[in-house]
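Biologist: Could you walk me through a few of the labels on this one? I'd like to hear what stands behind each of them.

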Amino acid sequence: KFKIHVIHQWKRTQSETGQRAHRTTVEKLTDRSWAVRDVITEILRRRRWGRRLLLRRLRRDFSSRRWRVRLQAFHAMRRMRALSGRYLRRAIRDRHWRIRLAALRLLPYYKSIARKNLRLLQRTLTGRSGRLRTAAMRALYKMGTDAEPAMPAMVKALYNRSQGVRLYAARALARFGSKVLPQLRRVVRRGRKSARYIVVNTLYQIAKKEPKAVKLLARSLSDRQWSIRYAAARSLLRLGKAARPAIPALRQALLDRDWGVRYLALRSLSQMASLPIRARRKALYDSHPTIREWLLRRAGRGSLRIWKKALKDGHWKIRRMAVRALARRALGSRRVVSLLAQCSKDSAWAVRLAAVRALRSLGKRGILGLREFVQDSHWRVRSQAIHPLLRRGVVAPVVPHLVNHLSHPSAAVCVRLTRAITARAFRLSSRQKQTMLRTLRALLTHRLLESDARLRIASARLLGLLSHHLRKLPTCNKAAWLKVYGACCAS
């Protein structure tokens, strides 16, 4: 048979090569024209096949020796909605695992067949293939309370090595409520770590109606494994006010070593309005920034003392939040302005930028605190501080740092900033203009001799924009300015 097959394939290849001489070597090597074709594509090509003839062909292919043909026939019958219970049962008991997997995935939609094949599903849970085990457990989960006879097998499935099987088993058992609680209690006390974690994670579904499950979750908060303590705290948080019997255990969990357990315990206690004031004050000094940030958000406006301490926090996000809260808290307060002005020495530029924006929102009193930020190392902070000062006519502290502000590496940013600053600066009084021009002339003369090309380019841009205004000013020393332009040309 093999010899006849090889000869037939050789003859077929020769005939195809003669018809299609232009085929590449890759096409010749990857040719699969001899393989079994997809049934559906073949039928779509031949439209003369009717539905009855098609079903007859598919049923004949269902008993083929080749597993690919059987699988294609199964999927074709499913798409045509002609898959009866008889062929589904045959597919569940098929000798090839791929066909069994396809049938198991489809089984939850045929509940009557699923009820009759409960023993087969239980047997599949102990098989070798992880995919088949997961598909069988999913089918049992989709069956709901009809899968009650398979409850012992589902409890054993909590110890399965496949994570999907364990997850579906825990979800399926949670639907039985108090009936399955003794078995789950045994698993939580003596089971493996993976089984305990899955059970504790899904216990909140039972705990909504059963207070005993809440006590079991409260006991799990003192487990040796941090992941189980975390899962118990998360389940209690999901319960909301129904977790009141676990308040003493949650207060004890505020002293846990793991920050995630402490954070979830704080949230669940505050949800039930049972968080003590001492515990809240103590949590403000917690080692993890997420807990401190959450508590400060809950504090709302709070007292000035809390936000003053938050400004000295080790995490920049909390300091920035404190700056924003201070701006909302007391509009125009001198104490707030002094606290925000002190943020000019902060190490994080995002905190300094938030302080500048807060001072700008405070009005006239806040603008006086912006002088501290004119010499900032970050260009965004400088730009946000310089613009309102120029608008108010505060020229003396701004001009010495104007060219520093315009030394940004991006050309587009430099042009935009120089235009904005010169347009605002020349709306000032004549004396302020003279002061500004004198200082600018000295700075630009010095900057044109710098070794850094970016500074020289920024100075030249500023000179180009100033030329339009210098022509309109009769009082300016034009001879001194011509020297500056000469130095620019020689640079």
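Modeller: Buried means under 20% relative accessible area, exposed over 50%, and partly exposed in between, with a 1.4 Å probe and protein chains only. This is a predicted model, where local features need pLDDT of at least 70, side-chain atom pairs count only at pLDDT 80 or more, and totals for chains, interfaces and linings use all residues. Residues are numbered from 1 along each chain as its sequence is written, and side-chain values use heavy atoms, leaving out hydrogens and water.

Biologist: Why is Ala-169 called buried?

Modeller: Its relative accessible area is 0%, and the cut-off is under 20%, so Ala-169 counts as buried. Ala-169 sits in helix α12 (residues 163-174); helices are DSSP runs of H or I, at least four residues, numbered from the N terminus.

Biologist: What does Ala-169 contact, leaving aside neighbours within four places in sequence?

Modeller: Met-137, Met-154, Ala-157 and Leu-158, where contact means heavy atoms within 4.5 Å.

Biologist: And what makes Pro-108 buried?

Modeller: Pro-108 has a relative accessible area of 10%, so it goes down as buried too. Pro-108 lies in the loop between α7 (97-106) and α8 (111-116) and touches Arg-138, Ala-139 and Lys-142, not counting residues up to four places away in sequence.

Biologist: Why is α14 called roughly parallel to α17?

Modeller: The axes of α14 (residues 193-202) and α17 (residues 226-239) cross at roughly 10 degrees. Angles under 35 degrees count as roughly parallel, so α14 gets that label against α17.

How values were computed
Helices (H or I, at least four residues) and strands (E, at least two) are DSSP runs, numbered from the N terminus. Axes are lines fitted to C-alpha atoms, for helices over the stretch in contact, and angles run from 0 to 180 degrees between N-to-C directions. Angles under 35 degrees count as roughly parallel, over 145 as roughly antiparallel, 65 to 115 as roughly perpendicular and the rest as oblique.
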